[in-house]
Amino acid sequence: MLSISRFATSGKSIFRPAVRSFSNSNFNSTDGYFESERIKKLPGQSNNRNFTYFLLGAGRLVYASTARLALMAFVSSMNPAADVLALASAEFDTSEIAVGSTITVKWRGKPIFIRHRTQDEIAKEAAVDISSLRDPQTDMERAVDPEWLVVIGICTHLGCVPLSNAGDYGGWFCPCHGSHYDVSGRIRKGPAPINMELPPYTRSEDGKLVIG
């Protein structure tokens, strides 16, 4: 075993701190940039850093503007086309529809049934006990003007187009799977789960029907 006494000399410790003196060191950079831009420049004097910061700021501004334009172009591409907007609403003249008859028009690619109901049909549908219905709705809820019923002509079972003035309830009948609707467009018999849908519509001052 080695004795630590072998490494002691004249009572002096061999463990000396590694301290280096930098008094004579040269901190000058190789290309002189540090001295010319950081040491010898007084506060307020222009230097290359100002130009660098300007380039960085301008680059970020261009990047942000480009990203904004790209985002706006993407959002605009998701807007409906002009021909689709033109079909957003449609106006129909109902003055030629005889009482008790139904016509079919097209709106947004869907068939729309417009029925000019008789007084007997209005009274009959208003008297229906809604507790007996699969999808309970009063006739008043489904007809803005009791004389006119406007429904989307698609069966709510599998999307077929029902036949008008047919079925056990005198409204519409879907021959595909046997769904029967009354003159209020309510499901009364068959597999359809809900009533025929209602499109948004109003009556104009001249009596025309505006859908959409």
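Analyst: The discussion below turns to salt bridges and then to cysteines. This is a predicted model, in which local features need pLDDT of at least 70, side-chain atom pairs count only at pLDDT 80 or more, and totals for chains, interfaces and linings use all residues. Residues are numbered from 1 along each chain as its sequence is written, and side-chain values use heavy atoms, with hydrogens and water left out.

User: How many salt bridges does a search of the whole structure find?

Analyst: Side chains of opposite charge can pair when their charged atoms come close. With a salt bridge taken as a side-chain nitrogen of Lys or Arg within 4 Å of a carboxyl oxygen of Asp or Glu, the search finds 7. In one of them, D139 and R117 have their closest N and O atoms 2.7 Å apart. D139 lies in helix α5 and R117 in the loop between β3 and α4 (helices, H or I, of at least four residues and strands, E, of at least two are DSSP runs, numbered from the N terminus). Both residues are buried, meaning under 20% relative accessible area by a 1.4 Å probe, protein chains only; over 50% is exposed, and in between is partly exposed.

User: Which residues are linked with E125 in a network of salt bridges?

Analyst: The network joins E125 with D182, R186 and R188. R186 is buried because its relative accessible area is 0%.

User: How many disulfides are there?

Analyst: A disulfide is a covalent bond between the sulfur atoms of two cysteines. Under the criterion of two cysteine sulfur atoms within 2.5 Å, the count is 0. For C155, the nearest cysteine sulfur is that of C174, 3.9 Å away.
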